[in-house]
Amino acid sequence: MSYDKNNIFARMVRGEIPCITVHEDAETLAFMDIMPQAQGHTLVIPKIAGESLLDSPPASVAAVIRTTQRVARAVKTAFSCPGLIVTQFNGALAGQTVFHLHFHIIPVYAETSLKMHARGKADPAELEDQARRIRAALAGG
Ligand code: 5GP
C-alpha cells in the first residue's frame, strides 16, 4: 500500500483537523487517542510521512521514539499507573487502522481492564483534562 497523504494523522500534522495535543516539536506530535483503551491513552507520531515502522526514515523513527519515552514518563507521572503498554502495529492484519506511523502509550491500572482497540469515543472534556495533567507532568509540574 502506498502512503495516503490525506490520512487522519497527516491531516492533524498539517493542522487541518483538530487533536488534543500534549506535546509538539519540529519532528513529532503527541495527542490524546479519541477512542482510548484506558484513561491517559496517548498517541505519538512523527511529522514526516511514513505508513509504519518498516518504511519510515530512521531519523523519523528515532525522533518518535525519543518523544514516546518522554511522554510515557509524563503519563506515568500524571496517572500514577502501575503499568504502561507501548505498542505499534504494522499492517491491517496486525491491527493497524491509521496508516501513518504511531506509537500507543496505554496506562495499565490494577483494577481496570483495557477497553477494546479503537472503539467508543471518550468525552472530549475528560480527554482535555487528561491532556492537561500530561502537559503539567511534561513541564515538571
Ligand atoms: P491503530 O489501530 O492504527 O494502531 O491506531 C489508531 C488509533 O487512532 C486508534 O487507537 C484510534 O482510536 C485512534 N484514532 C482514530 N481516529 C482518530 C481521530 O480522529 N483522532 C484521534 N485523536 N485518534 C484517533
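This is a predicted model: local features need pLDDT of at least 70, side-chain atom pairs count only at pLDDT 80 or more; totals for chains, interfaces and linings use all residues.
## Ligand shell

Around the ligand there are 18 residues, and those that come nearest are D33, T97, H102, H104 and H117. By type, the shell divides into eleven nonpolar residues, six polar and one charged.

## Polar contacts and cover

On the backbone side, a polar atom of M32 is 2.9 Å from a nitrogen atom of the ligand. On its own the ligand has 520 Å² of accessible area, and the protein covers 92% of that area.

## The pocket

The ligand takes up the space of the largest pocket. Two elements, α1 (8–13) and β2 (28–32), each give two or more residues to the shell around the ligand. Of the elements, α1 gives the most to this shell, with three residues.

The volume of the largest pocket is about 510 Å³. Its lining consists of 27 residues, with M12, M32, D33, I34 and M35 nearest the centre. For the lining, the elements that give two or more residues are α1, β2 and α3 (124–138). The largest share again comes from α1, with three residues.

The lining residues divide into 17 nonpolar, eight polar and two charged.

How values were computed:
Residues are numbered from 1 along each chain as its sequence is written. Side-chain values use heavy atoms; hydrogens and water are left out. A residue is near a molecule or strand if one of its heavy atoms lies within 4 Å of it. A polar contact is a pair of N or O atoms within 3.5 Å; within protein, one must be able to donate a hydrogen and the other to accept it, and residues adjacent in sequence count only if both atoms are side-chain atoms. Accessible areas come from the Shrake-Rupley method with a 1.4 Å probe; for residues, only the protein chains shown count as cover. On a 1 Å grid over the protein atoms alone, a cavity is a set of points where a 1.4 Å probe fits but cannot get out, and a pocket is an open set with protein on both sides within 12 Å along at least five of seven lines; lining residues have an atom within 4 Å of a point. A molecule sits in a cavity or pocket if more than half of its atoms lie within 2 Å of its grid points. Helices (H or I, at least four residues) and strands (E, at least two) are DSSP runs, numbered from the N terminus. Ala, Val, Leu, Ile, Met, Phe, Trp, Tyr, Cys and Pro count as nonpolar, Asp, Glu, Lys and Arg as charged, and the others, Gly among them, as polar. Grid points are joined across faces, edges and corners, and a volume is the space filled by probe spheres set on the points.
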